[in-house]
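Student: Can we go through the salt bridges in this one? Keep it quick.

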Amino acid sequence: MLCGSPWHLCDHVFFIIHMETESHWILGRLNIEERRMYMYNSLSTAMKDSAAIKACQPFAVLLPHFFALFDEFKKENKPVCLDPFEVVKVDGLPQQTSNDCGCFVASFAEYFIDMKLIPPIFDVEKHRDRLAVLFYKYARMKEVEFIDSEDEAPPKGPKKNLS
């Protein structure tokens with residue numbers, strides 16, 4: 001889906017959450033239909049999980065009010081419910097051994113989007129290198145071929161659409 005699409009048309013919404021007190025990033029995945037927020041944490045310990053769930057709580061509480069305010073539930077004839085979303089920890093994830101939480105967050109989202117299981121053994125070096133090459137190739141393509149994403153403005157040259 002394109003950026004800016006109405007939320008009631010989405011099944012899942014991804015967002016990253018910075019746990020400032022832990023200097024750590026986690027991935028949140030909101031399942032609107034189930035009214036659940038799934039938490040992907042690559043640095044899972046009892047204390048880190050507790051802090052991660054605490055970091056998710058403001059989203060779990062505020063998003064139902066946001067949807068009600070902007071009539072997101074009414075567009076699909078869903079009953080308005082202001083109860084907080086349930087926060088669910090995703091278990092069985094590979095764990096980081098160094099400061100690579102950003103790579104883990106990006107990879108967790110990519111695995112879900114591609115409908116693949118997250119492997120229990122995760123070669124972070126390989127994933128980091130692959131992401132770097134993808135970002136570089138995309139930036140070069142945009143620069144050389146004057147391609148802009150749909151939500152970018154103003155275009156720098158003749159616009160070609162990436163579909």
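Tutor: Here is a short walk through the charged pairs. This is a predicted model: local features need pLDDT of at least 70, side-chain atom pairs count only at pLDDT 80 or more, and totals for chains, interfaces and linings use all residues. Residues are numbered from 1 along each chain as its sequence is written, and side-chain values use heavy atoms, leaving out hydrogens and water.

Student: How many salt bridges does the structure hold?

Tutor: Nine. A salt bridge here is a side-chain nitrogen of Lys or Arg within 4 Å of a carboxyl oxygen of Asp or Glu.

Student: Which residue does Glu125 meet in a salt bridge?

Tutor: Arg128, at 3.1 Å, N to O. Helices are DSSP runs (H or I, at least four residues), numbered from the N terminus.

Student: Is Glu125 buried, partly exposed or exposed?

Tutor: Partly exposed, at 44% relative accessibility. Buried means under 20% relative accessible area, exposed over 50%, and partly exposed in between, with a 1.4 Å probe and protein chains only. Arg128 is partly exposed too, at 32%.

Student: Which residues does one network join through shared partners?

Tutor: Glu34, Arg36 and Glu86. Within it, the Glu34 and Arg36 side chains meet at 3.4 Å, N to O.

Student: New topic. Where does Glu110 sit, and where is Arg130?

Tutor: Their side chains form a salt bridge at 2.4 Å, N to O. Glu110 is in helix H2 (residues 101-113) and Arg130 in helix H3 (residues 124-145), so the pair links distant parts of the chain, 20 residues apart. Glu110 is partly exposed at 25%, and Arg130 is partly exposed at 31%.

Note on methods
Helix = DSSP H or I, 4+ residues; strand = E, 2+ residues; numbered from the N terminus.
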